[in-house]
Amino acid sequence: MRAGGRLILAALLALFMAACASSRPSPIILRMPPVDYGPPGDARNPAQGPFQPNQFLRLCPGTHISNAPPADPERWVREFHPVIVAFGVVLATVPTNDVCLTSGFGLRGGTMHSGIDVASRPPGTVYSAGPGRIVEARSSSGYGLNVVIDHGRGVYTRYAHLDWFAPGIAPGVSIGFGHPLGQMGATGNATAPHLHYEILTGNIDNPRGSFGLTAHNPLNFPPYDWAASPGS
Ligand SMILES: [Zn+2]
């Protein structure tokens with residue numbers, strides 16, 4: 001089994017290298033690393049959703065993005081890692097499929113943009129970036145309909161401007177990776193449908209709740225090391 005696993009890994013690597021050599025082809029689908037959560041039906045083994053991260057991310061065409069990450073002349077984000085490790089937690093970098101980037105993290109027109117904005121047309125499904133427990137699912141001023149997930153280790157993710165919540169999305173619910181949270185929308189302070197996605201750290205038991213957490217640039221975390229994963 002292990003040798004077979006290595007072979008598949010080598011084949012995937014060859015595919016990846018081939019993809020890098022040519023100009024970016026259609027996205028290659030990645031499989032998430034196997035994780036042992038315990039037996040099916042166990043509360044520690046929440047259902048995994050259908051999401052598969054795209055391997056590449058492109059800046060949306062026709063727009064100037066003042067806080068854009070470094071990108072090549074064809075607007076592909078350089079050194080993009082589809083799966084990252086944020087303070088010990090494995091997360092998808094962009095928790096929705098086939099999107100382009102409309103805004104990066106950081107100063108934008110003199111104000112701090114505490115996440116990244118991505119969009120697709122038609123607006124797509126938004127998924128959990130990693131397994132965890134929903135701590136907020138509500139409408140907040142500015143963010144509109146938004147979900148906050150606690151991934152443990154003081155790491156949280158927020159998904160904002162959703163059009164609606166998927167069935168069962170409520171505070172206290174444990175979910176797996178890639179679980180549908182709702183649909184990309186324009187609720188709150190948004191001029192067009194997009195997903196505003198944040199990676200947050202800190203202690204949520206503070207007077208400001210999730211607004212008292214510290215935001216980090218999802219594009220600045222190290223990649224998940226597939227070769228070192230327990231399943232390889
Ligand atoms: Zn935003």
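Me: What makes β4 and β7 (residues 116-119) a pair?

Reply: Two strands (DSSP runs of E, at least two residues, numbered from the N terminus) pair if DSSP finds at least two bridges between them. β4 and β7 are joined by 3 bridges, so they pass that test, and they run antiparallel. S103 stands opposite D117 in β7. By the way, this is a predicted model: local features need pLDDT of at least 70, side-chain atom pairs count only at pLDDT 80 or more, and totals for chains, interfaces and linings use all residues. Residues are numbered from 1 along each chain as its sequence is written.

Me: Which strand does β4 (residues 100-103) run parallel to?

Reply: That's β1 (residues 58-59), joined to β4 by 2 bridges. The bridge partner of L59 in β4 is L101.

Me: How do you know how confident the predictor is?

Reply: From pLDDT, its confidence in each residue, from 0 to 100. The protein's mean is 85, and 79% of its residues reach 70 or more. Over residues 1-22, though, the pLDDT is below 50.

Me: Why is something called a nonpolar core?

Reply: Because it's a set of buried Ala, Val, Leu, Ile, Met, Phe, Trp, Tyr and Cys residues joined through C-beta atoms within 7 Å. Buried means 20 or more other C-beta atoms lie within 10 Å of the residue's own, with C-beta atoms placed from the backbone (12 or fewer is exposed, in between is partly exposed). Here the largest core has 44 residues, and L181 is among those with the most contacts inside it. Strand β11 (residues 155-165) gives the most to this core, with 6 residues.

How values were computed:
Helices (H or I, at least four residues) and strands (E, at least two) are DSSP runs, numbered from the N terminus. pLDDT is the predictor's confidence in each residue, from 0 to 100. Two residues are in contact if their C-beta atoms, placed from the backbone, lie within 7 Å.
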